[in-house]
Amino acid sequence: FGSPQFSKDGQYIYAQLEDSGEEQFVKVDLKTKKVERLIKGENVVQTYHMNDKGQVATLVGTPTMPSEVYQLKGGELKPISKANDEWLEKQQLSNVENIHFKSKDGTEIEGFLYKPIGYKENLQYPTILWIHGGPVSQFNFSFNFTAQLYAAQGYAVVMANPRGSSGYGQDFSKAIFADWGNKDYQDVMAAVDHVVEKGVADPERLGVGGWSYGGILTNYVITKTDRFKGAMTGASEVLYVANYGHDHYQKQWEAELGLPWENREAWERISPFNYVENIVTPTLIMGGAVDWNVPIHNSEQLYQSLKRLGRETQLIVY
């Protein structure tokens, strides 16, 4: 629930609401607590603006339409801009499928499957498990350029919303609290199993990658399994205690793991660095030289470890 704004009379709050892969535009009655979903469905309200007259302009996208400006009028979306029409006429886009499947413990997980351009039934395709950052975030019904780009190169792309994601309630988000790389790992691997069972993914041609927490979860994946032929971990972390006093997450680190000199075991237990010997997947490591959000020294530590172990790896620093 985000970007809240009071109505002019103060009786309502307007906001964006993440709900199961959707990003809706909602109106909350402060007296009754009733939530009215003004824009919902298989699309994403990226942002909105309301003037003093209560008129609403929104930026809305779908899996096959990059965001455009719409006016919400009489309960319906009226298109205003057509900025992407000319570009879309020249493109072939992936057929995007909303998927639901069970994780190892029976938890239902939602995701999206981007089939490669020219997809044919009964053929198995090289497949990328693409993991989102956050972890409190979600893949949704917006236009995903990265997934479309991979699909255009002949890859299937599977993108899951594992536990830790937003859009499924507080308990779902908090399920990985101080326990990263466990249930969320099971969930993304269940996504891979699902697309293999569907006959889309070739189990012998799998790749994995992501940025930020997507890179962090990629690090867990490659320390726990050798199923992937290649990995890309971007702006990730591996040795968490090395970030104490350095990045801008000090409050969050302490809230989740405690002080490192008092509760060092918790910090070390979930640090992928301590399991680097398990990694045999060829791994591309990427990051930014002055990234204060996810500092580059974590990527350097991972790279140095893999080089020292004689694994196939490369580090790219922007």
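Guide: Rings of Phe, Tyr and Trp (its six-membered ring) count as a pair if their centres lie within 6.5 Å. The model discussed here is predicted.

Visitor: How many aromatic pairs does the structure hold?

Guide: Ring pairs link a cluster that includes Trp180, Tyr213 and Trp267. Tyrosine 168 and phenylalanine 172 also form a pair, with 5.0 Å centre to centre. In total, the number of aromatic pairs in the structure is 14.

Visitor: Are the rings of tyrosine 240 and tryptophan 253 stacked, edge-to-face or tilted?

Guide: Their centres are 5.4 Å apart and their planes stand at 35 degrees. Planes under 30 degrees apart count as stacked and those over 60 as edge-to-face. The angle of 35 degrees therefore makes this pair tilted.

Visitor: Which parts does the pair of tyrosine 240 and tryptophan 253 tie together?

Guide: Both residues are buried. Tryptophan 253 lies in helix 6 (250–257), and tyrosine 240 comes from the loop between strand 14 and helix 6, so the parts tied together are that loop and helix 6.

Visitor: Which strands are the edge strands of the open sheet?

Guide: Eight strands form the sheet in the order 9-10-12-11-13-14-15-16, with mixed pairing. An edge strand here pairs on one side only, and the two are strand 9 (96–102) and strand 16 (313–317).

Notes
Residues numbered from 1 in each chain as written. Predicted model: local features only at pLDDT ≥ 70, side-chain atom pairs only at ≥ 80, totals over all residues. Heavy atoms only, no water. Pairing = 2+ DSSP bridges. Helix = DSSP H or I, 4+ residues; strand = E, 2+ residues; numbered from the N terminus. Buried < 20%, exposed > 50% of the residue type's maximum accessible area, 1.4 Å probe, protein only.
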